[in-house]
Every structure is written in C-alpha cells, then in structure tokens.
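Work through the exercises below with the model open. Each task is followed by a solution in steps.

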Amino acid sequence: MTDDEIIDTINRALVKEFELDKKKMLSDAHLFDTLELDSLDMVDMVIVLENAFKFKITEEKEIREIRTLGDIHNFVIKKSNEIRKGS
Amino acid sequence: MTYDCAVIGAGLSGLASAIILSKNGLKTALIEKSSRTAPLVRGFKREGHYFDTGFHHAGGINEGSTGRLMLDYLGISQHLNVVSSNSNYTDMVRFRDSSFEFRFPVGIKQLKDRLEQFFPGDINFINRYINEINRQCSLLPFLNLNADIKTMNILENVHGNSLADFLSHNTDNPYLQSVLTIHSLLNGVPPGEQGLNNYAYIVGPYYESVSYIEGGGSALVAAYEKAAKENGVDIFLNREAQKLIFSSSGELKGTGFKDGAEINAKNIISTIHPSQLMNIVPENLFRPSYNKRIKTLDETPSAFILYGTSEIDLKRLIGSNLYLVPADGNNFGDFSNPIENRPINIIISNADKKENIFQCIFIMICPASINEVEQWGNSIRGKRPQGYLEFKDNICRRMLDYFVSYYPELKGKIHAVDFSTPLTLKDYSGSPFGSMYGAKHRIEQYNPFPMTSIKGLYLAGQSIVAPGLLGTLISAFLACGNILGHDYLRGALKVWNQEE
Ligand SMILES: Cc1cc2nc3c(=O)[nH]c(=O)nc-3n(C[C@H](O)[C@H](O)[C@H](O)COP(=O)(O)OP(=O)(O)OC[C@H]3O[C@@H](n4cnc5c(N)ncnc54)[C@H](O)[C@@H]3O)c2cc1C
C-alpha cells in the first residue's frame, strides 16, 4: 500500500465507523475539537485501525499522544513501514 | 420522581453502586425488573435443603483485604458473618489419570512453598508465576488503593500473552499447568483465551484467602438490602427500564418504564448486560463502532448445574471446593467435547440433618454452551418437551457418574435433587445468553469501560471489570468514582481504613 492508499483507507474507515463528515477529514483536523471525538473513542479507533490493517496495536503511549487525523496517518504509515521491513 | 442518580439493575453491582451514591449524599433510585433484588445470588430451597446459586465463596473479602474494606465502608459487613479460609476450607484439584491431587493452602506465600514442594523441577517458573500475579494485582486501582488509575496499559493487556501460552512456554508438567489454570472456571475464560492480567485479578485475592458467608447468597443479599435501606436508597422492584430519556438538547434526563412512568436523573449507572443496554438507548446514541463492539462481545460459557445431596460426609472426604480435571487438562472452550472431558467444579456446602438422616449438600458446575440446548430454546419453563427432559436426565446421570469415577466410594451415595441447564440460567441470570459471568474478559477483546461517551451515563457490573463479589464491588466503585471523583472515593476508603 502506498502512503496515499493508507490515508484513504484510514479516512474511509473512520468516516464509516464514527459517522464523521467527509469534508472535515483533513490532516490537521483535531480529533476532539474538529471531529468531535473524545478520549473514549480512542479504543474504538484502535479497533477500526486493527481491522482495516490486520495488525495489532500495542503502542499505548503513542496512541495516547495522538491529537490530529494527521497523527493517525503518520502512526499507521510508520507502523506499516516497520512491519514491511520486519517481514 | 426526580433523583440525583438512578441505578439500573439491582444485582450485586447495582446494590453496591446505589449504596455508594446514597452514602455520599446523592438521592438515588435503584431499579430492578425482577420481583426481588439480586435474583442471581439468592439461592433456593428444594426438598427442605437450601442451595446456593450465584454465590458460594469469594476471594479478597477476608479481614484486612480491600474487598472487606469496601464491604465495611458500604455498611454491609456488619450484617454478615464472613468465614475466611482455614486449612479446612480451601480448594482441591483432582486428576482423572492418577490418584494425584493438589490441595491449595491458605495464602499466596504458602502456595508458592507448596507448589515448589510438589513440582521441584519448576522452582524458577513458580517464582516467576507468583511474582507476575502479585505484580498484576498491584497495578489494579481498587485492588491496590495506591495504584495510579491513569496508567493502566489497556492495549498491552488486550494483546497480552494467554495464560495457556505463558504456562506452556515455561513448564512441560501437565499437572502444574492444570493446577495453575483451574481457576479459569471462576471467570469463565478458558486458559487459551485468559489474559494474565485478568487471571491475576481473580486468583491474586483468591490465593490469598477464600471466604464464605454464613447463610450463603441469601444472607449476602439480605445484608446488601439492609445497607441499602440504612443509606436511604429507594428500591423499585418489578420495574424494567425500557428506555433512557434525553432532553431536547440531547442531555441525559432519566429512564422510562412500560407504563409511561419515568424516573428523572441526570446520572445513570447501568449494571445490566451491556448488550441489553444497547436495546434501551436511542439508536444513534453511540457511534457505529461502539455499537458494534458492545453488541458482539464474546460471552462466558453457560453451565449444567447439579444440586445434590450425599450420604457420605464430603467435607471430610474432600474439603469445601473440588475441581475435577479431565485427562486432557482444563480446556473448556470446546463444547463439542462430551461433559466427561470438561473440568468440573464441585462446591460442598454445609451439611444438613433431615429426619435424622445425615445429608451433605453439594453443587456441581459443568461449563456448557447455550447451543447444546438450543433446539428447546423456544419452549416455556415448566412446559418443556419430553426430549428436553430426557436430555436433562441423561446429563444429570452422567455428571453423577463423573463424580463417582473420581471417588468410587460415592457410588450409590450421591443423589441429584435438582438440575439446571443453560436455558434455566437464561431465565434466571441477568445475561440474555444464559452465560454464567456476562461478557468474557479475554485477550483480544475490548470490554466496555465504566465511563461512556454520554455525559452522565456510566456502566458497572460483571461484564465491565470482573465477575464475582469482588469484581462487582470494584466495578461499582469505578462507576461511582466517575460521579463522585475517583480520588475522592479512593481517599474516602483509605481514611475509612485508618479510622477503623
Ligand atoms: C452458577 C454461578 C455461580 C457463581 N458463584 C460465585 C461465587 O461463588 N462467588 C462469586 O463471587 N461469584 C459467583 N458467581 C458470579 C456472580 O454471581 C456474578 O458475577 C454477580 O452476581 C453479577 O452481578 P451483577 O450485578 O454484575 O449482574 P446481575 O446479577 O446480572 O445484575 C443485573 C440485574 O439487572 C436486572 N435487569 C436486567 N435488565 C433490566 C432492566 N431493563 N431494568 C431493570 N433491571 C434489569 C436483572 O434482573 C439483574 O438483577 C457465580 C455465578 C454463577 C452463574
């Protein structure tokens, strides 16, 4: 998957599972202020990402630091790269 | 009627939650659909004997434990006689393929010593195992009042090692593996799905001390009810919450019943099965991802339960709590296995004298799936078809035979007085699936948290933290902590502890 495909997959999954407004899905969109998610949604976000990318997320600290949609994109891109290198 | 808080469901979690809130000055309504509180743990009488159902004994409520501190704080212990383990009241594990048996001592240090004595080849691992159980328990807020509530590693735990993996990587001894996995029966999670952290929450307090309550589950509920009344909780029985009500601006307003009556409360703690909560909230209240997660939570097993009497003194023969381990070990996740290949828990309750004939009372619990009785699922209690009754008789007889195959001296001396199947549990337990302990606390599953994304709506109950008396107490303190403040509530417990 290219980075753009990853971003597209993330955005589509989040729009569907969290009923988000497609137009607001910009990298600098703040999850809490702009997209109106809250900290409790983070567990479901993790599950959505795990299902979409078929990997397990154990990086508790990094997940807790996520604030914007772009942070999610970067997290998944980084993780996908690591997995690709590892395998 | 207007309250500060409403608690839905008056099981052990709901009763505890309502008492905490009321005690702290909040006007609280406790709402239960059954005609009595805590129907699951009340026990019943048959042929003149009292049988316990959903409460036999518990870990972590002995003198000095956090669980006891909670019961003290709630004003419950003063109405109870809690009898904590001594050498006569502990667990025993017995194996099919040899005369090998292992009796658990009282105390975790003593357990370590005994394990080392029985399994000298595994001393290093035993040490690691015990340390790991202690470490996990120290991380759980409310088991350890000083643990930091914000630093629980949720993701690591969900994707953690299973108990079975942890053991199989570290020891080849099948007896040791069985001894260290047998308490999986207590939270209904097979060892291959059991996370080490969740297992530790169950066995940590349990290894330390097991207590029973004089008068059993029925005395336990009576004490909870007394404390609820003393603290001013208003209990509404025969009241099924059918919907949550929201104001036009979207704020939680209360809960409503079939006849149109309502209870207004800005804070609601739901202790019903989380999947049932989803049926009483407006459809779009939660996001689709949360909806899906809660509705598809994997359930703990159901059970076949035999209520029996024995002409032989089982207390003397066995002790108080026996686990029969089949030849293949403790895996009870596969219900295509005949019952003879499933581990079984036998609880020996107090002896009775009836018409001057000695009778010892026991309860046998065999994990089962609701699918095993699915074909009779639509029949009505009291009017079930002949096929079902024959099936029941057959399993009942085989369970007695199972017991006898481990203790041949019991042949002809043990008798079934009553027998229940997963259909019975479905009728009597709070779980829509007839499961014993609600949603499974297993690896790779995210159970719901005590807080929800809806302001004022909180969750407590066995599906949230852990099943059992201690699990429901902790879940109640966590849910109420969201309303009263966690630091405040944990502080109140600590102060209570010092003053006592
Ligand atoms: C066979 C068996 C043996 C057990 N043995 C032990 C033991 O020895 N020790 C131990 O500690 N634990 C034991 N347990 C576990 C323990 O009984 C449970 O974990 C505990 O009772 C669960 O309490 P709860 O409040 O979470 O749930 P529940 O007791 O299920 O409470 C939920 C309540 O909500 C009510 N309700 C549901 N829907 C609504 C609605 N819409 N409106 C109003 N009310 C509603 C239900 O009627 C129910 O009373 C055992 C369980 C079983 C099945």
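**Exercise 1. The contact between the chains**

How many residue pairs are in polar contact between chain A and chain B?

*Solution.* This is a predicted model, where local features need pLDDT of at least 70, side-chain atom pairs count only at pLDDT 80 or more, and totals for chains, interfaces and linings use all residues. Residues are numbered from 1 along each chain as its sequence is written, chains are lettered from A and ligands numbered from 1 in the order in which they are written, and side-chain values use heavy atoms, with hydrogens and water left out.

Step 1. Apply the criterion. A polar contact is a pair of N or O atoms within 3.5 Å; within protein, one must be able to donate a hydrogen and the other to accept it, and residues adjacent in sequence count only if both atoms are side-chain atoms. The count between chain A and chain B is twelve residue pairs, both residues at pLDDT 80 or more.

Step 2. Locate the chain A side. Helix 1 (3-18), helix 2 (41-53) and helix 3 (60-65) of chain A each supply at least two residues of the side that touches chain B. Helices (H or I, at least four residues) and strands (E, at least two) are DSSP runs, numbered from the N terminus. Helix 2 of chain A gives the most to this side, with seven residues.

Step 3. Sort by residue class. The side of chain A that touches chain B divides into eleven nonpolar, one polar and twelve charged residues. Here Ala, Val, Leu, Ile, Met, Phe, Trp, Tyr, Cys and Pro count as nonpolar, Asp, Glu, Lys and Arg as charged, and the others, Gly among them, as polar.

Step 4. The contact (heavy atoms within 4.5 Å) takes 24 residues from chain A and 19 residues from chain B.

Step 5. State the area. Chain A and chain B bury about 1800 Å² between them, 54% of it on carbon and sulfur atoms. Buried area is the accessible area (1.4 Å probe) that two parts lose on being put together, summed over both.

**Exercise 2. Salt bridges**

Which side chain of chain B meets A:K56 in a salt bridge?

*Solution.* Step 1. A salt bridge is a side-chain nitrogen of Lys or Arg within 4 Å of a carboxyl oxygen of Asp or Glu.

Step 1. Cross the interface. Four salt bridges are counted between chain A and chain B. A:K56 pairs with B:E444, at 3.2 Å from N to O.

Step 2. Look within chain A. A:E59 forms a salt bridge with A:K79, their closest N and O atoms being 2.9 Å apart. A:E59 lies in the loop between helix 2 and helix 3 and A:K79 in helix 4 (residues 69-86) of chain A, so the pair ties together parts that are 20 residues apart in sequence. Both A:E59 and A:K79 are buried. Buried means under 20% relative accessible area, exposed over 50%, partly exposed in between (1.4 Å probe, protein chains only).

Step 3. Take a pair inside one helix. A:K78 and A:E82 form a salt bridge at 3.9 Å between the closest N and O atoms. They are about one helical turn apart because four residues separate them in helix 4 of chain A. A:K78 is partly exposed at 45% relative accessibility, and A:E82 is partly exposed at 44%.

Step 4. Move to chain B. B:D298 forms a salt bridge with B:K440, the closest N and O atoms being 3.7 Å apart. This pair links distant parts of the chain, 142 residues apart. B:D298 is partly exposed at 27%, whereas B:K440 is buried at 8%. B:E193, B:D298, B:K440 and B:R442 are linked in a network of salt bridges.

**Exercise 3. Around the ligand**

How many residues surround the ligand?

*Solution.* Step 1. Count them. 33 residues surround the ligand, each with a heavy atom within 4 Å of it. The closest are B:E32, B:G54, B:H56, B:H57 and B:Q462.

Step 1. Read the polar distances. A ligand oxygen is 2.7 Å from a polar backbone atom of B:H56. A ligand nitrogen is 2.7 Å from a polar backbone atom of B:H57. An oxygen atom of the ligand is 2.7 Å from a polar backbone atom of B:L469.
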